[in-house]
Amino acid sequence: MKKILLIVFTVIFIFSCESLRSGGDDSLSRTTSSVRLGDIEKQLGENPVAALNLIFMYKQIYFSAAENDVSSEDRLLLSQYEKQAIEDICAMQNKAVEEERWDEAVSLNRSIASIGVKNEHTGKEAAFILAGAKKKITDGNNLGGFLDAVMSHEMKPLDSASALLFLEKAVEGRQRRSSAYFLAAAQSAGARNIPANLRDYATGRDTVSDMIKGVATVIVDRGYRIERGYGIPDRVIGSAFFVDASGLLITNYHVIASEVDPKHKGYSRMFIRMGDASSPRVPARVVGWDKALDLAIIKTELDTEYVFSLVDQIIPRVGDTVLAIGSPVGLQKTVTSGIVSALGRRFLQIGDVYQIDAAVNHGNSGGPLVDSEGRLVGVIFAGIEQHQGLNFAVPAQTLTSALPAMITGGRAQRPWLGLTLCETIDGEAEIIYASPNTPAAMHKIGENTFIKTINGKVITSPQGGLIPAFQNEIFRCGPGELVALEITDNEEEVSRKIMMTVARPDLPLLDAAKIDRRDRIAAPLFGMVLTPLQTSLLSNSFRVNRVIRGSIADEVGISKDDPVSISRLRILEEEGYAVMEISIKKRRMGYLETTMQLPVWLDSPDTL
């Protein structure tokens, strides 16, 4: 038998050698460098942004290792590809401008700026956004137009004619705060002879009684569920508020989840009600949603007496009085008051939320939170059920940033790089983990390094708010755009990484938890940076090299240099969390061995 196998292997070897000598299958003799260059060539002309992403990835892999690994011919070819890709991106932007596809022109402008290229449209982003705002107004998309107009105004003050145009549309759309915003912009631009009717409306004031008219009760009928042999009506009650006279309302994702979640296999029908229980139920549909931010936009064919404005870019102060409007436990048109208890709570995947003490119950979710001036402060979502008085709201600024993607329809796609960060005592953004098969990993971003800038911008924030600030900066981009990061290991050398963002997964760390080593995934999930005690990859014994402040490991008292053995890591994908079973000898407890289970959600708020 051994002789037969030897003969077979010999024949295969001889055949393979002859095939290579005769040039049989050319792919067998291709180097990985040539394969990557072939991938770049395929993207040229079709997606130059993706081509540039591969070019920067190629440089990271081959140029940083050993320059002799790349032939002069490959270097020349790569240079030609890079020049062509840049020219193609600029040409795409020129065409988008000619065809008045302003959102695409702005997106391409961000990618062009990230690589430091200047062209004929450099510095015109505010003008493009303003042109897009006017086009949306013309097309009947007033909400999108107002959002773009505010964005353009923040970058470059509106001229008087443009401000008057948006003022007129805001008055037509019965948006008092928007009218006041654009009136102030028109006056700052020196506008004269502003029509009295526009001025009078913009300088008026809405009462709480007026605002109530713009709040609806959301009813999601999910049929019946069986409990102990009895059929019980399955209903979800929430709140929503109008943000456009065309019938667009804002609510929470968790209120309407069964309408769009493919995992929900049962019956689901959504309605809104404007009055009490005797009022008719009006059908509504979901336009777009953002699960990571617990936001959704819905539409109904119903005229409204009041529309909330989204132009006020204010951040409340702790202690400010706020009003919550909604339908707690189905009691329509309920108003409760309270104060802003805290800012910067890390409760959702992206950004932070406000903590409030206004009375909020099931049914309030999705309702508006306004301040004493009648300005929209946030979107309410129910708090922690077993702790009364702990309630929260998504900031209005987060809502306005999220709306453009939701208005386009369907699931809002958010950008993602695949990094897990922690904020150091010195106020720096440290990279503690790069998820496999993500832009960060493909571009060889090292762990235990620090992000200095994003697209050339230094990000600063009060202590505890740095990660949300980084997320908000990336949030401005869309999936498929180029982003430039400056990375340093806190020594003199700073490296610039340019990569293309991808769509953010619902559970950012799910895939990493499935495929990466358990000792590595312990850092982003549980806050333990581990070092193997043995050289064998199969060893389950580790030493805690570091504990991330505020992490689960920190909360349960694990400290540096504690010996740890990992028994098991369970991934409960349906429930959205993971459990790590460990045995640990805590130094602070005299090395008494303890067995514990560490549960954690897979939707970490510290990912970028």
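Which side chain does aspartate 506 meet in a salt bridge? Arginine 411. The N to O distance is 2.9 Å. Aspartate 506 sits in the loop between strand E22 (502-503) and helix H16 (510-515). Arginine 411 is in strand E14, residues 410-411. So the pair ties together parts that are 95 residues apart in sequence.

A word on the source: this is a predicted model.

Now, accessibility for that pair. Aspartate 506 is partly exposed, at 33% relative accessibility. Arginine 411 is partly exposed too, with a relative accessible area of 32%.

Let me step back. The whole structure holds 34 salt bridges. I'll take two others.

Next, aspartate 221 and arginine 235. They form a salt bridge, and their closest N and O atoms are 2.9 Å apart. The pair links distant parts of the chain, 14 residues apart. Aspartate 221 belongs to strand E1, residues 215-227. Arginine 235 belongs to strand E2, residues 230-244.

Is aspartate 221 buried or exposed? Buried: its relative accessibility is 10%, and the cut-off for buried is under 20%. Arginine 235 comes out at 35%, so this residue counts as partly exposed.

Arginine 517 is partly exposed, at 41% relative accessibility. Aspartate 519 is buried, with a relative accessible area of 8%.

Notes
Residues are numbered from 1 along each chain as its sequence is written. This is a predicted model: local features need pLDDT of at least 70, side-chain atom pairs count only at pLDDT 80 or more; totals for chains, interfaces and linings use all residues. Side-chain values use heavy atoms; hydrogens and water are left out. A salt bridge is a side-chain nitrogen of Lys or Arg within 4 Å of a carboxyl oxygen of Asp or Glu. Helices (H or I, at least four residues) and strands (E, at least two) are DSSP runs, numbered from the N terminus. Buried means under 20% relative accessible area, exposed over 50%, partly exposed in between (1.4 Å probe, protein chains only).
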